[in-house]
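Keep the 3D view open as you read.

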Amino acid sequence: MATLLAGDIGGTKTLLSLYSAGGSHPELLVQERYASADWNDLGPMVVHFLQDGPGQEHPRPEAACLAVAGPVQGGRAQLTNLPWLLDEAALAQACGLASVELVNDFAVLIYGLPHLQPPQLAQVRAGEVVGSAPLLVLGAGTGLGVAFGIPTATGLQAVASEAAHGEFAPRSAAEWELREWLREDLGLDRVSIERVVSGTGLGHVARWLLACRSGEASHPLDSEARRWEAGDSGADLPAAVAGAAAGGDPLAREALDLWLGAYGAVAGDLALACLSRGGIWLAGGTAAKLLDGLRSRTFSQAFLAKGRLASTVGGIPIRAITDPAVGSFSAACRARALLG
């Protein structure tokens, strides 16, 4: 049975994995985590994994897909947070592989969708899938990932997108005030969607509300917000907000509701942009952690609030991807498709 190399390459960490081509879906054989900054380039890391690391115990991979944190053009990618310029042909030669495909690390999720199993998913909204229609994947994590999937005769074709960097469009007085505060506080010329609709965005929403109430008594989130704003690596304001909201804190609940409404509105806008009747998948670090919020009336109402086109988005099913290893899995699915 063929062996597949899957990579999930980011500025902080890189996961290299070997999968067997498997039956209905690829099956993980071995995986190793590397600190990306410890390596001058990706090629030597892959060689180490295959020859001196855990990969040496398995047959050499027959196909490879590497998901990279940055845009891919013409088989080349400049990583966003590393001085690595990756080239498919050069990597294949350096690593002794027949071929290597580079794919944007969010767009690669499209290739995993048809192979996800029930334990990797959770339903957010029921609906009916139109098999010939485009698909949409949204992922609110540190930033906001957006990708589309187009059905073709040979399977889904992933289309990367920078839609998260479109203009944030306030729908209420509160969202307008938030937008103006973000412009001033962060020194921005414009406010993009992901400044609000992301895990980081949830932290900014909470900071705004705390700033609005600066004349009131101190809030339990104040110290965490200061540490997070100062760049303390041990501070996680978005997680603290989610936890406080679950515990009934009014300010945290207000922040989470505003964030969920903005997320739902953006999901509906993008669903209209590509008529994603093939379904919507919510990924990223918040998908599993805030599943109850994504199933809430707040998210759903904002998603459906599209005027005359409410019925167009109303029938689209939404699922959350809850598997944190879905990036590597999806890269393996793409590698298997490359076997031909």
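L15 touches A6, G7, D8, Q31, E32, R33 and S328, leaving aside residues up to four places away in sequence; contact means heavy atoms within 4.5 Å. The model is predicted: local features need pLDDT of at least 70, side-chain atom pairs count only at pLDDT 80 or more, and totals for chains, interfaces and linings use all residues. Residues are numbered from 1 along each chain as its sequence is written, and side-chain values use heavy atoms, without hydrogens or water.

L15 sits in strand β2, residues 13-20. Helices (H or I, at least four residues) and strands (E, at least two) are DSSP runs, numbered from the N terminus. L15 is buried, at a relative accessible area of 15%; buried means under 20%, with a 1.4 Å probe and protein chains only.

Now the sheet. Five strands form an open sheet in the order β3-β2-β1-β4-β8, with mixed pairing. Two strands pair if DSSP finds at least two bridges between them. β3 (27-35) and β8 (101-104) are the edge strands, each pairing on one side only. Strand β4 (residues 63-68) runs parallel to β8, joined by four bridges. There, L66 stands opposite L102 in β8. Helix α13 (residues 326-338) packs on the sheet and touches β1, β2, β3, β4 and β8.

Elsewhere, two helices meet. G201, L202, V205, A206, W208, L209 and L210 in α5 contact L251, E254, A255, L256, L258 and W259 in α8.

Conventions. Buried < 20%, exposed > 50% of the residue type's maximum accessible area, 1.4 Å probe, protein only. Axes fitted to C-alpha atoms, helices over the stretch in contact; angles between N-to-C directions.
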